[in-house]
Amino acid sequence: MATVIIGMDGKIESLVAAYLLKKQGHKCIGVTVSLRSRNEIENEIFEEWLPSDLDLIKSYCDQLEIPYYATEGYGEFLDQVIDPLVAARLQGRRYDARPDYNKLIVSKLMEKKGALKADFVATGHFAKLYKNQITGEHHLLSSNDLNNDESFGVATLPDSYYDHLLFPLSDLRREETQRIYDLVGINVDRDYKELKRARRDFDIKDKILDLIKERAPHTMIKEGVVYSQYDGRTLGDHESHSDFYVGQTTRLNFKMSQPLDKNMVVVRVVPSNGSILLGREDKLKHSHLYISHFICEEALDRSVPINCYYKISNSKEIESCCLYFKNNDFALVDLKGEKEGVLSPGTRVAFYNRKGVGAKVIGSGVVKSYGYYENAEYRQLPFTKEEEDVLKKPLIDIFQMRL
C-alpha cells in the first residue's frame, strides 16, 4: 500500500478522508498548512482560512493513530491570496480567493511529499480524478454530489499534480460523508456551511476593506465622485474607490447628494481618478465574455470552437456556451443568449464537456470583460441618454419629412 499525506484542516471532510485511506490499508500522515500570523488582528481577519487549533488537529490524528506534522504557509498566503485580493479591489473587481487558496494548500502538501517520502497527497475536496489507462492522461471530473461539487475550486491546479493527488471523497455525497463521520466517533466542531459562505464573501467584508487601505500604497487609494452612467448626474462623492467593485448593489459607501434608486448597481470603477459609475440593474445584460489566463488540457483541440458548458462559482448553475480560443491565453465565450445583470471582471469561470456527475473540466479562466451586441455593435454598458437621443433623432427627421 502507498504512503499518503492528508491535508488536515480540522473539518469533517479531511477527517473522513484520512479515516477512509487508513481503512484501505494506506500508511497515512496528517499534515496541516498553518496560515496563522503572529499578529492576532490579522488572525481575526483571516479566520475563515485558518485551520483549527493545531493541538486539536493533532488530537484527531492521535485518535486515528496516524503521525502528524504542521508546515508554515503564512508568507505564501499573503503573496498568493491576499496581495491578489488587494490588487483586484484596487481595480474595482471582485476576487474569489478559493481557487488560489486551494492551489496554495495543495502545493505546500506536495512540497512535504518528498520530505516525508510519501507517494500521494490527499485532500477532502468533493472532486474526482480519472486516469485514461491507454493515454496515461488525467482528467478532473465533477463529483458524485453535484450540490457540493468542488471541481470548480480545484480547476486551477497544475496537471503535474494529478499523478500524485487523491480525492478520497470523490464518490461520496455529503450526507454519506456525514454518516461516516458519525461512525468515526471523533467530534469536530466546525460549520462547513458558514465557512463556505464566509470564504465566498471574504473580499467584501469590512475588515478586508480596511486591510486593503493599509496594504495598498496611499497614492493608489483615490477619492472621487459617483455618477449616473445613464445621464451623467452627480450622485455623491466617496473617500476610497477600493470600497467599490463592478456588480456591487449593496453597501454603497458614499455621501449621497440625492436619494438613490434601489435598482442601482456599480457598472464601472475608474481607478485613475476614483470615478464610480452607477447604472440601473434592470437595463444591464451580457451575452459574451472575454476570458484571460485561460488554461486547459494539453490534448484539447484549440483550432476550432467547442460547444461546452460553463460555471461561474460553485453556487451557480452550469449552462451551455460556445468557446472560441484566442492567442495569448485568451478565449471568447458565447453564452448562447443574453443574461441579465452585470458580471464583475475577475470572476472565475470553469468549463465542462457536459452536465451532470462525472463531467470533465476542460479549462478555466478569469473574466476580463463582458458585453452584448446591439445593432451589430459590441457594447459593455447600456446606452446613455445622449446616445439614445442621437438614435432617436433620425427617426424624428424621417417623421418630419413625411409631414
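Because the model is predicted, local features need pLDDT of at least 70 and side-chain atom pairs count only at pLDDT 80 or more, while totals for chains, interfaces and linings use all residues. Residues are numbered from 1 along each chain as its sequence is written, and side-chain values use heavy atoms, with hydrogens and water left out.

A search of the whole structure gives nine aromatic pairs, where rings of Phe, Tyr and Trp (its six-membered ring) pair if their centres lie within 6.5 Å, with planes under 30 degrees apart counted as stacked, over 60 as edge-to-face and the rest as tilted. The ring centres of tyrosine 290 and tyrosine 378 are 6.1 Å apart and their planes stand at 85°, so this pair is edge-to-face. It links distant parts of the chain, since tyrosine 290 belongs to strand 13 (residues 285–296) and tyrosine 378 to strand 19 (residues 377–379), 88 residues apart; strands here are DSSP runs of E with at least two residues, and helices are runs of H or I with at least four, both numbered from the N terminus. Tyrosine 290, at 31% relative accessible area, is partly exposed, and tyrosine 378, at 27%, is also partly exposed (buried means under 20%, exposed over 50%, partly exposed in between, with a 1.4 Å probe and protein chains only). Elsewhere, Phe46, Trp49, Phe77, Tyr101 and Phe202 form one aromatic cluster.

Rings also meet charges. The charged end of arginine 94 sits over the ring of tyrosine 245, 5.1 Å from its centre, and arginine 379 lies over the face of phenylalanine 383 at 4.0 Å from the ring centre; the criterion is NZ of Lys or CZ of Arg within 6 Å of the ring centre and within 35 degrees of the ring normal.

The side chain of arginine 89 reaches the backbone oxygen of serine 242 at 3.0 Å. Not counting residues up to four places away in sequence, arginine 89 touches several residues, among them Asp203, Leu209 and Tyr245, with contact meaning heavy atoms within 4.5 Å.

Beyond residues up to four places away in sequence, threonine 177 touches Ile12, Val16, Phe126, Leu169 and Leu172. Threonine 177 and glutamate 13 are 164 residues apart in sequence, yet 7.2 Å apart in space, C-alpha to C-alpha.

Definitions and conventions. A polar contact is a pair of N or O atoms within 3.5 Å; within protein, one must be able to donate a hydrogen and the other to accept it, and residues adjacent in sequence count only if both atoms are side-chain atoms.
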